2 protein chains.
Amino acid sequence: MPDTNFAKGLAGVIATESKICTIDGDEGLLSYRGYSIQDLAANSNFAESAYLLLFGNLPSESELADFSAKLEARREIRPEIIDGLRLLPADTHPMVALQQAVAAHGSFDAAPGGEIGPAIERSIDLIARFPTMVAARARLAAGQEPIAPRQDLGHGQNFLYMLSGEVPDTERGDIFDDCLILHMEHSLNASTFTARVVSATLAPVDASVSAAVGALYGRLHGGANERVLHMLTEIESAATAEAWLDDQLAVKRKIMGMGHRVYRAKDPRAHVLEAYLKHLADKAGGSEDYDKLKVIERKMSAIMEAKGKQIYPNVDYFSGSLYRVLDIDVSLFTPIFAIARVVGWCAHILEQWEDNRIYRPRAAYTGEHNRTWAPVSERG
Amino acid sequence: MPDTNFAKGLAGVIATESKICTIDGDEGLLSYRGYSIQDLAANSNFAESAYLLLFGNLPSESELADFSAKLEARREIRPEIIDGLRLLPADTHPMVALQQAVAAHGSFDAAPGGEIGPAIERSIDLIARFPTMVAARARLAAGQEPIAPRQDLGHGQNFLYMLSGEVPDTERGDIFDDCLILHMEHSLNASTFTARVVSATLAPVDASVSAAVGALYGRLHGGANERVLHMLTEIESAATAEAWLDDQLAVKRKIMGMGHRVYRAKDPRAHVLEAYLKHLADKAGGSEDYDKLKVIERKMSAIMEAKGKQIYPNVDYFSGSLYRVLDIDVSLFTPIFAIARVVGWCAHILEQWEDNRIYRPRAAYTGEHNRTWAPVSERG
């Protein structure tokens with residue numbers, strides 16, 4: 001009799017070796033290529049962190065200049081891609097539009113799957129163009145014409161510019177870049193695993209990344225920070241937040257943005273995001289969101305401590321409110337996640353192809369056996 | 001120290017339970033919902049087999065009539081989907097076009113992921129429309145206008161009609177339908193596994209199926225029957241096939257369409273396809289392809305037997321030549337695979353949602369630790 005023990009959702013199963021990212025959930029540590037995420041958020045910029053993830057090492061001065069120049073020069077997307085986005089109804093979810101645009105992108109100058117050199121260039125194309133695709137679609141959905149990218153702005157600064165037509169100050173652009181760095185990579189989450197499974201068939205980079213966008217669209221994966229904001233709108237003020245929380249816990253409702261399948265300590269990304277939110281909130285003379293979040297965090301922590309347990313905010317807890325302070329619409333939160341995570345997807349595709357094998361797990365069959373077909377007239 | 005044993009490509013790892021399909025590689029048996037594939041190919045039709053895979057049981061007379069009517073009535077695709085296909089360059093691979101079209105399809109009347117009822121209707125939409133999408137794109141790529149589907153033709157017959165504008169006789173349509181039945185489902189191959197991984201995030205049916213199309217595009221997954229045909233063009237005639245084979249084996253080149261990761265006996269689908277190829281070839285006064293294939297099969301078998309081993313044709317060995325007899329261009333072989341396999345993908349998505357958990361395997365980290373960021377000017 002075949003062994004039919006299995007871990008649902010492949011929980012705990014090792015699917016591959018990887019040199020890209022390590023997570024120590026107990027210690028609350030996340031590092032890319034051996035560098036802690038706090039170190040990178042404090043010191044690195046978008047291009048450098050993306051280079052690090054793709055190539056495995058920090059770039060030299062000339063490597064960084066070359067890579068940054070490529071990212072800036074390749075921001076523009078073809079008119080056919082914009083026309084494709086134009087065909088979609090106004091209420092199309094931005095992630096559907098992005099999945100479609102990335103698949104269509106694979107029509108133009110695509111490289112075959114499995115070849116590392118062309119795949120690196122293709123990865124740079126996609127990393128450079130994701131913000132342009134997302135911003136173009138956001139403008140079209142709002143009945144506005146897309147704004148062409150500018151090469152003279154930072155990665156995040158240019159994205160914010162393409163959304164509104166106004167160039168944000170450098171500080172806001174840099175903070176947004178740091179948000180992207182924090183979201184670039186997180187090991188084998190469902191979308192990154194999807195990118196590896198698809199690319200392992202030797203499907204091209206675009207086809208694999210388009211599939212990953214589809215996975216990130218799922219509400220169990222992307223979208224959690226959106227739900228934190230919905231939660232905040234339910235809370236009248238910081239003064240009533242405790243009472244709101246009591247009501248929620250009484251009906252056993254899940255509190256969004258708290259806890260994580262992997263982290264048993266405060267998610268290291270939450271620390272950085274909280275600091276940025278506080279900084280921008282203070283500059284703006286306070287933030288109701290921030291005050292509510294801190295009340296909920298403290299109360300939740302106290303309740304769990306009384307039970308001998310711990311709970312901490314995860315990466316989604318502060319990010320939505322921070323994006324709101326940056327004037328980004330809530331509908332773009334998951335696409336922003338994709339603008340960051342495309343770096344990790346590409347790094348994993350490149351690593352997959354260095355030593356490839358197609359993913360072909362088994363299913364434990366629990367269905368019927370030995371049934372015999374009968375004509376429809378003889379069926380019950 | 002964490003356990004870092006793992007099976008590359010998840011080989012032998014059980015990823016889920018499933019009631020859909022069972023394969024006995026040693027015996028050469030494949031069954032859908034407990035019915036052998038030979039039984040279904042001999043007795044069932046496209047709609048009935050699709051119903052069986054989606055719902056788990058053969059339909060009653062009224063269920064079958066209802067389901068068939070839906071499949072026929074929903075063949076048409078929206079003009080926006082056709083216009084999206086129009087935007088792609090002529091040399092776009094048909095699978096890239098299909099991945100894009102399915103993602104775009106998710107813009108229109110999409111149901112949220114995770115809800116079984118709407119997902120069944122959405123599955124029927126996609127099964128009905130895949131042939132229309134593939135045929136429309138094939139016509140556009142050839143500089144021709146798409147041909148609208150007809151409701152009064154069989155599933156395969158209508159597809160062949162939309163390609164050429166000529167209605168094929170019922171026999172050819174029925175044989176093509178049987179080819180589709182044979183390819184509808186094959187457990188957790190890479191594209192079906194992709195469909196499950198993506199849908200487990202609760203991404204909608206369209207997003208999950210679009211991702212699966214991307215996986216099938218990979219040349220390690222789809223496309224093998226295409227390579228069998230390329231092989232056949234290298235062989236001058238059946239008379240020289242043995243000499244050709246000797247040359248290939250002398251340089252250790254892989255013979256396409258032979259052997260399978262799962263089957264240790266002749267793939268049951270190969271039997272059925274061979275019989276159809278022989279039947280249509282005989283009707284047409286013989287087929288050079290068929291003669292070459294039989295010479296190679298016999299010689300390969302004899303060579304392996306002398307070594308105490310066995311090798312058999314797989315599903316891809318005869319299908320390409322059969323599609324050629326049906327006047328289908330080689331570039332459409334993988335899209336045809338998708339037209340069939342979309343049934344299996346949808347059945348797996350529905351099953352996934354009956355008892356869902358997101359797929360989140362681990363990676364064994366083999367990279368650097370505890371590196372410290374330094375300014376670019378201080379790097380080597």
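Predicted model: local features only at pLDDT ≥ 70, side-chain atom pairs only at ≥ 80, totals over all residues.
Local features need pLDDT of at least 70, side-chain atom pairs count only at pLDDT 80 or more, and totals for chains, interfaces and linings use all residues. Residues are numbered from 1 along each chain as written, chains are lettered from A in the order written, and side-chain values use heavy atoms, without hydrogens and water.

A search of the whole structure finds 0 disulfides over all chains, a disulfide being a pair of cysteine sulfur atoms within 2.5 Å.

In chain A, the axes of helix H6 (residues 116-141) and helix H16 (residues 333-354) come within 9 Å and cross at roughly 175°. H6(A) and H16(A) are therefore roughly antiparallel (angles over 145 degrees). Their contact (heavy atoms within 4.5 Å) includes A:Phe130 of H6(A) and A:Cys346 and A:Trp353 of H16(A). By class, this contact has 17 nonpolar, 1 polar and 1 charged residues (Ala, Val, Leu, Ile, Met, Phe, Trp, Tyr, Cys and Pro count as nonpolar, Asp, Glu, Lys and Arg as charged, the others as polar).

Chain A is divided into domain 1 (18-219 + 330-354) and domain 2 (224-325), with bounds from an automatic or database domain assignment. The domain centres, taken over C-alpha atoms, are 27 Å apart. The contact takes 26 residues from domain 1 and 25 residues from domain 2.

Notes: Axes fitted to C-alpha atoms, helices over the stretch in contact; angles between N-to-C directions. Helix = DSSP H or I, 4+ residues; strand = E, 2+ residues; numbered from the N terminus. Parallel < 35°, antiparallel > 145°, perpendicular 65-115°, else oblique.
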